Amino acid sequence: MASYINHPLLKKDAIESRLYQQILAGDVLKKGNTMVVAPTALGKTIVAILVAADRLHKVKNSKVLVLAPSKPLAIQHEESFKEFITLPCTSITGAVKTDERIKRWEESRIISATPQTVESDLLNGRYDLSNVSLIVFDECHHGVGSYSYVYLASRYVQESRFNLILGLTASPGSDKFKIKEVCENLYIQNIVVKTEDDVDVKPYFNPVEIDWVKVKMSSELQKIKEYVDKALKVRLKALKNMGIIQTVSVNKVDVLKARGRVQGEIARSTNPDKELFQAISILSAVINLQHAQELIETQGVQTFNKYISRLRKKRTKAAKSLMWDDNFSRAVKLARDAEKHGWEHPKLREITKILKNELGDNGQTKLTTSRFDDKSDETASKIIVFTQYRDTLEMIHQKLEKEGIKSAKFFGQAAKDGEKGLTQKQQKAIIKSFRMGEYDVLLSTSVAEEGIDIPAVDLVVLYEPVPSEVRMIQRRGRTGRKRTGRVKVLITEGTRDEGYYWSSIRKEDRMKNQLIDPEVLEELNASAVERMENEKKVKVIERPKKDNEFPVVYADSREGNSKVIRHLSEMEIDVKVRSMAVADYQVSDEVAIERKTAKDFVDSIVDKRLFKQAKELSEEFKHPIIILEGDDLYTGMINPNAIRGSMASIAIDFGISIIPTRNSQDTAAMIKRIAVREQEGERTPIQIRTDKKPVSLMEQQLFIVESLPNIGPVNAKNLLLHFGTVSNILNASESDLQEVEGIGKKTAKDIRKVLDSKYLYFKNEIKEKKLL
């Protein structure tokens, strides 16, 4: 008979008493900031709930903040805490309006939220973390770089009067330095690792059986690959002869490093050798060929052909050189013929065989209990198939549809190659249908690895292995939650599939060894203690109670995730985030700042955004500034002289000052200095540009005339000069209009027709309704 945990804040008979979960929670409360590393389905959320209940009980009137990297996961945590704890719980995401977020924060004791939303609210002074007694970072391996977890941890340590941090993850990574970075960023002092092999865990853990399914490349694919290999070998030999690489046996990482070295040499030279640009072009072609190799080896001809179709549209020298290459052209022709004849990658036949065997010959799940019952999640057999590429996803989907197997495609929200992504609403609908048994198989890209509430499945099929131990752990964590789980991984023999398989195995072993290394743990503990002491000495700037106490900087809402705003908020600056039409920052009526990283500056030259933005800045502000952040301006593929020319044009033609900075912190310091200078003495409120300046009278007149048939800027100007006013133009006859240079009989007739014809809206509306 099961026993349950009793606690004043826990619902009666809600949480089953599991010793290992209670020990984990006790460790957190006793030892301080802790990262709990445990496989999916071991109940890490329950550990967080136990710790939260204790903190809320002992620290009166305090709050608990649970952070998750996605909106669905944040809402899932809200539901979990509501199920077990008696105190008010809520969720805060970007989908919730500002006033409602403030209300929810004030009225709730447990808040589940997305980190970007909380960061934005903190920077705008909507609430603070002073009375948060526990902060939980779910999927805490995200706590690196500029991710919001990093800022929130720092802010929490500074603000909270009684802080405790709990990080949860199934896979912090195999890289010792990344693990250390996560721990340092989140002030982790203690790491606790639980595995399926632990004695106290085994009774509650469903083992996951992994089956590596090997297939052999077909002769058709092998022939295509041989031609791609030849095209690649020619270019690698050329690079070796140029001294760019030492050997033709190179992988993707080697090629990327070589490209970085060449780009660095171009950046350091005032007049780069043409051979360097030739090398860049060849290296780009090599990267394309290596990708083509991977698609042929691991995906199939359909995915390969779609990649070639996209490659044809590129106008780069590298892409054009491949299309002209005899060997590559032969590979492309063979692949096109293979698709016409229906020659598939062996994986496609194998995956169909696996799914048919699992589902039964009639394509129905072997467990047939109440397919449309809410409880079908626990009874019907469910399968998820992971693949790297959307093109492969579509290929598998078409194959399964032909075989009578009901499948649903599941991918991210971003558009790709003209195909719209799935909205969050569409994703929810697909998951709900899958849970209810309307689909037998869920076909997914990496989007379903974490952060989305996917129901537990009986079988996970990986169309290809991935070299990341984190992603492998996340993928197989989707099975084995309710009963013994199974994973099948398809591997093409003699290809990079095998290399990726061994890579993930080695990385996972290394991760486990490092997490239990006493020296590593001792080092992390000492580092965390030191950082926390240092953070406590940093004064968190409270919002000024009096006007004009600190300099004010208005920041555009699109800068919300940049480190600059974070640094400004720590510099005695009153940062106000607003939606701005022009510029990223504004410090006075006359001074606005556009911040560009070196990469963005170069990209904006290529896509022609730069001069449009410069024009708007110079029109809107008397003293516009561009801050150019970073020291890698000349490391891209664009000629340095083109960059220098653009900078000269910005400064001379548009009168915009360009100020270089080293990094985001330096940028923040520079913005502060400009703000202090502009706001010295008696200050007046800054009128921020939420909209662009209205166009002038002349511009409005030209706009109206240019809307007439066959009238461009030149003819519009001629018409206005001839007639004097827009009204005179509108009242002019056909013969009067033809007196203007550039206006012929047909144009004059078309103008009068538009001006004199009756508006037919109602007739068209009736016609359309009849058609419907």
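**Cores, confidence and a covered helix**

In this predicted model, the largest nonpolar core has 51 residues, and Leu65, Leu67, Phe137, Leu568, Tyr585 and Ile671 touch the most other members. A nonpolar core here is a set of buried Ala, Val, Leu, Ile, Met, Phe, Trp, Tyr and Cys residues joined through side-chain atoms within 4.5 Å, where buried means under 20% relative accessible area (1.4 Å probe, protein chains only). Helix α6 (residues 148–159) gives this core its largest share, six residues; helices are DSSP runs of H or I, at least four residues long, numbered from the N terminus. Apart from this core lies another, of 41 residues, with Ile224, Val255, Ile280 and Ile296 among them.

Helix α5 (residues 115–123) is mostly covered, with seven of its nine residues buried. These are Pro115, Thr117, Val118, Glu119, Asp121, Leu122 and Leu123. After α5 comes Gly125, with a positive phi near 70°.

Confidence is given as pLDDT, the predictor's confidence in each residue, from 0 to 100. The chain has a mean pLDDT of 84, and 87% of its residues reach 70 or more. Over residues 365–379 pLDDT stays under 50, and the model has 37 contacts beyond four places in sequence for them. Residues 762–772 also stay under 50, but with zero such contacts.

Residues are numbered from 1 along each chain as its sequence is written, and side-chain values use heavy atoms, leaving out hydrogens and water. In this predicted model, local features need pLDDT of at least 70 and side-chain atom pairs count only at pLDDT 80 or more, while totals for chains, interfaces and linings use all residues.

Notes:
Buried < 20%, exposed > 50% of the residue type's maximum accessible area, 1.4 Å probe, protein only. Helix = DSSP H or I, 4+ residues; strand = E, 2+ residues; numbered from the N terminus. Contact = heavy atoms within 4.5 Å.
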